[in-house]
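This briefing goes through one protein chain, topic by topic. Please keep the sequence and the 3D view open while reading.

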Amino acid sequence: LDFVVSAKEPPDDRVRLFVDLCKQDGFYVATEAALGERSTGRRQFNVISATTGWKADIMWVQDRPFSHEEFARRREIELLGLTIAVPSPEDIVLAKLEWGSRNESRQFADAVSVLRVYRNRLDVEYLQRWAEELGITALLEQALQQSQH
């Protein structure tokens with residue numbers, strides 16, 4: 001599971017409370033990464049369930065225009081009786097293309113899958129605008145083409 005969070009720098013009391021609660025419930029938490037200064041380049045930390053092996057990557061919102069807009073566009077959904085915020089399909093595609101940065105990567109395949117599922121409901125202008133800004137226009141075009149097959 002991947003989560004994107006916004007918290008003050010240095011980590012505020014909410015982050016400390018989250019780490020403490022995870023540890024109390026028996027989860028492994030990369031405490032130093034969670035509580036350290038993000039200015040050192042740290043972008044994420046992990047929380048791992050000792051009983052199930054499930055791992056959650058907790059990523060900080062990056063300080064750049066796309067990341068701020070991506071975070072602002074998140075949507076609330078119901079999952080397993082909980083209300084959680086998830087990125088828009090367009091932002092998932094853009095993030096995966098940027099992260100994968102090659103058309104043979106697993107991230108690229110995931111982006112193509114999202115494009116297929118949401119084919120007729122995507123804001124293509126939004127995708128194209130941010131793809132240009134992020135320098136992934138060619139990857140987006142390849143993904144769009146592959147999603148048509």
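**Ser147 and its surroundings**

Leaving aside residues up to four places away in sequence, Ser147 touches Val112, Leu115, Arg116 and Arg119, where contact means heavy atoms within 4.5 Å. The model is a predicted one, in which local features need pLDDT of at least 70 and side-chain atom pairs count only at pLDDT 80 or more, while totals for chains, interfaces and linings use all residues. Residues are numbered from 1 along each chain as its sequence is written, and side-chain values use heavy atoms, with hydrogens and water left out.

- Ser147 lies in helix H7 (residues 137-147); helices (H or I, at least four residues) and strands (E, at least two) are DSSP runs, numbered from the N terminus.
- Ser147 counts as buried because its relative accessibility is 2%; buried means under 20% relative accessible area, exposed over 50%, and partly exposed in between, with a 1.4 Å probe and protein chains only.
- Val117 belongs to helix H5 (residues 106-117) and counts as exposed, at 55% relative accessibility.
- In sequence, Val117 and Ser147 are 30 residues apart, and their C-alpha atoms are 9.0 Å apart in space.

**Chain overview and confidence**

- The chain has seven helices and six strands, and from the N terminus on its elements run β-α-β-α-β-β-α-β-β-α-α-α-α.
- Of the 149 residues in the chain, 34% are buried.
- Among contacts between residues at least 6 apart in sequence, 49% join residues at least 24 apart.
- The mean pLDDT of the chain is 87, and 90% of its residues reach 70 or more; pLDDT is the predictor's confidence in each residue, from 0 to 100.
- Among the elements, helix H6 has the highest mean pLDDT (97) and strand S1 (residues 2-5) the lowest (76).
- Where pLDDT is low, the predicted coordinates should not be read in detail.

**The four-stranded sheet**

- Four strands form an open sheet in the order S1-S4-S3-S2, with mixed pairing; two strands pair if DSSP finds at least two bridges between them.
- S1 and strand S2 (27-29) each have a single partner strand and stand at the edges, so one side of each is left without a neighbour in the sheet.
- On average, neighbouring strands of this sheet are turned by 20° against each other, direction ignored.
- Strand S3 (residues 44-49) and strand S4 (residues 55-60) run antiparallel and are joined by five bridges.
- Within this pair, Val47 has Ala56 of S4 as its bridge partner, and Asn46 has Asp57 of S4.
- S3 and S4 form a hairpin with five residues between them, and Gly53 in the turn has a positive phi of about 85°.
- S1 pairs with S4 in the parallel sense, over four bridges.
- Asp57 of S4 is also the bridge partner of Asp2.

**Helix packing**

- Two packed helices are described by the angle between their axes and the distance between the axes.
- The axes of helix H3 (residues 65-72) and helix H6 (residues 124-134) come within 11 Å and cross at roughly 150°; axes are lines fitted to C-alpha atoms, for helices over the stretch in contact, and angles run from 0 to 180 degrees between N-to-C directions.
- H3 and H6 are therefore roughly antiparallel to each other; angles under 35 degrees count as roughly parallel, over 145 as roughly antiparallel, 65 to 115 as roughly perpendicular and the rest as oblique.
- Pro65, Phe66 and Glu69 of H3 make this contact with Tyr126, Arg129, Trp130 and Leu134 of H6.
- By class, the residues of the H3 contact with H6 are five nonpolar, no polar and two charged; Ala, Val, Leu, Ile, Met, Phe, Trp, Tyr, Cys and Pro count as nonpolar, Asp, Glu, Lys and Arg as charged, and the others, Gly among them, as polar.
- The axes of H6 and H7 come within 8 Å and cross at roughly 145°.
- In H6, Leu127, Gln128, Ala131 and Glu132 meet Thr137, Leu140 and Glu141 of H7.
- The contact of H6 with H7 has three nonpolar, two polar and two charged residues.

**A loop residue**

- Leu80 is found in the loop between strand S5 (75-79) and strand S6 (82-86).
- Leu80 has a positive phi, near 55°, in a residue other than glycine.
- At 82% relative accessibility, Leu80 counts as exposed.
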